[in-house]
Amino acid sequence: MKPPLVTDAQRAQLLANGRARAKGQALDPLPVVRLFTLDAHATWLLAALDPEDGDTAYGLCDIGIGLPALGTVRLSELASILGPAGRPIARDLYFVAQRTLSEYTRLARLNGSVID
């Protein structure tokens, strides 16, 4: 069985950040989870989850073409994606954010990709 893209604890933190974001609170959180393709160069650093639908995540999205950007993505869509070799998107089990989302974004734009 494939492990979930986010753990219950990560989902709780993503939702808390999403509620704060929905209220218009200014926040620059640490990314909560890093997802990536096992057989390509795509990476997602997710920091918030829409509390209304529980599926739309916000964070730094890098689909591996050198144009990382802040945006939204649906976890359900990510769970259905297979890479070029048929491998699913995975959660980085060892990811611990070292920077805020804005700092990861700034560095990714400078380097053309997300740097862990």
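Arg74 is partly exposed at 37% relative accessibility (buried is under 20% relative accessible area, exposed over 50%, partly exposed in between, with a 1.4 Å probe and protein chains only). This is a predicted model, in which local features need pLDDT of at least 70, side-chain atom pairs count only at pLDDT 80 or more, and totals for chains, interfaces and linings use all residues. Residues are numbered from 1 along each chain as its sequence is written, and side-chain values use heavy atoms, with hydrogens and water left out.

**Salt bridges**

- The whole structure holds four salt bridges (a side-chain nitrogen of Lys or Arg within 4 Å of a carboxyl oxygen of Asp or Glu).
- Arg74 pairs with Asp53, with the closest N and O atoms 3.4 Å apart.
- This pair links distant parts of the chain, 21 residues apart: Arg74 is in strand E4 (residues 69–74) and Asp53 in the loop between strands E2 (43–49) and E3 (56–62) (strands, E, are DSSP runs of at least two residues and helices, H or I, of at least four, numbered from the N terminus).
- Asp53 is partly exposed, at 35%, and a salt-bridge network joins Asp53, Asp55 and Arg74.
- Arg34 bridges to Asp92 at 3.1 Å between the closest N and O atoms; Arg34 is buried at 11%, and Asp92 is buried at 19%.
- Within helix H3, Glu103 and Arg106 are three residues apart, and their salt bridge has its closest N and O atoms at 2.7 Å.

**Arg91**

- Arg91 lies in strand E5 (residues 89–91).
- Arg91 is buried without a salt bridge; Asp92, the nearest side chain of opposite charge, is 8.4 Å away.
- The Arg91 side chain reaches the backbone oxygen of Pro4 at 3.2 Å.

Note on methods
Lys, Arg positive; Asp, Glu negative; His and termini not counted. Polar contact = N/O pair within 3.5 Å; in protein donor to acceptor, adjacent residues only side chain to side chain.
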